[in-house]
Amino acid sequence: MFDYRLKVFHTVASRLSFTKASEELHISQPAVTKHIKEIESQLSIRLFDRKGTSIQLTQSGKVLYEYAEKIRSLYRDLEFEISQMNQQHKGKLIIGASTTVAQYILPEILARFNTYYKDIKIELLTGNTEAISTLLKEEKIDLGIIEGESQSSYFDYKPFKADEIVLAAKANHPLFNKTLSIKDLYDIPLVFREQGSGTLEFIHNRLKEKGVNIQELNTVIQLGSSESIKNYLLYSDCMAFLSVSTILNELKSNRLTVIDIRNFSIERNFHFILPKGEQSELIKLFLRFAE
């Protein structure tokens with residue numbers, strides 16, 4: 001029911017990529033561009049600004065994205081409320097999620113899911129990307145949600161939610177109002193996640209693409225969770241790459257700040273990780289609900 005042109009816009013805005021949107025929607029990139037131009041023409045606005053090879057939402061695009069999210073949510077609630085009236089869903093679903101997703105994204109989704117499907121029991125296991133992959137392989141969970149980008153032939157992968165990783169520091173950091181270059185990272189004390197973390201893997205890969213020698217960075221300490229890292233930053237002059245999803249409250253309360261790096265950003269997708277083959281009806285139901 002979600003208007004198709006709006007769905008195309010929502011996908012492009014979520015991925016900040018026409019190419020990724022075309023792949024996800026299984027339509028050509030010119031078709032994606034055509035739908036976006038039709039919306040821009042209808043509303044007499046520009047939705048995206050191009051910055052080199054990347055795109056960013058304009059202010060009008062950000063407003064439309066907020067409303068698209070609300071419309072998408074309303075349609076989804078309507079569909080699931082009708083579904084709940086027409087059939088009974090029972091059973092148990094064991095979900096494994098990497099730490100960031102489990103702490104900051106899933107609770108709201110699970111709470112809403114439970115309001116519609118009270119007879120479906122959810123169990124949530126938490127671990128880093130490596131641990132979740134192992135649990136799925138050993139059939140100890142029904143599906144996983146991970147933040148890493150390594151993919152195994154054992155599983156199928158499906159995009160879940162767009163995310164951005166930013167360089168964070170305490171709000172009164174001496175460099176809080178500075179724009180850094182990528183080479184400045186060599187001179188900054190840094191905190192990273194533990195080995196096996198999908199976030200750590202993703203950050204290292206993006207930095208490597210920019211020619212940064214990871215081994216030469218000043219890694220002061222590695223900690224096992226975003227919460228530990230955030231609290232560490234509050235009492236030190238270190239900086240850390242963190243998912244923006246994990247620091248929203250700290251940004252609003254002006255305890256942490258985002259440090260800009262010139263011509264460098266880290267966008268990623270969280271992914272569902274699924275066993276190969278046909279999925280159970282409960283898994284399909286949850287995937288539709290969480291989209």
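Me: Which residue caps the N-terminal end of helix 1?
Reply: This is a predicted model, and in it D3 caps that end of helix 1, with a side-chain oxygen lying 3.3 Å from the backbone nitrogen of R5.

Me: And how many of the twelve residues in helix 1 are buried?
Reply: Nine of the twelve are buried, so by the under 20% relative accessible area cut-off helix 1 is mostly covered; among the buried residues are L6, V8, F9 and H10.

Me: What follows helix 1?
Reply: L16 follows helix 1, and its phi is positive, near 50 degrees.

Me: Switching to helix 3, where do its buried residues fall when you look down the axis?
Reply: The buried residues of helix 3 are V32, H35, I36, I39 and E40, and seen down the axis they fall within an arc of 135 degrees, so they line one face of the helix. On the other side of helix 3, P30, K37, S41 and Q42 are exposed.

Me: What about the spacing behind that, why do residues three or four places apart point the same way?
Reply: Because an α-helix has 3.6 residues a turn, residues three or four places apart point the same way.

Me: New topic: is T58 buried or exposed?
Reply: T58, which is found in the loop between strand 2 and helix 4, is buried, with a relative accessible area of 9%.

Me: Which residues does T58 touch, leaving out those up to four places away in sequence?
Reply: T58 touches R46, L47, F48 and D49, and a polar atom of the T58 side chain also lies 3.0 Å from the backbone nitrogen of G61.

Definitions and conventions: Residues are numbered from 1 along each chain as its sequence is written. This is a predicted model: local features need pLDDT of at least 70, side-chain atom pairs count only at pLDDT 80 or more; totals for chains, interfaces and linings use all residues. Side-chain values use heavy atoms; hydrogens and water are left out. Buried means under 20% relative accessible area, exposed over 50%, partly exposed in between (1.4 Å probe, protein chains only). Helices (H or I, at least four residues) and strands (E, at least two) are DSSP runs, numbered from the N terminus. A polar contact is a pair of N or O atoms within 3.5 Å; within protein, one must be able to donate a hydrogen and the other to accept it, and residues adjacent in sequence count only if both atoms are side-chain atoms. Contact means heavy atoms within 4.5 Å. The arc is that of the directions from the helix axis to the C-beta atoms.
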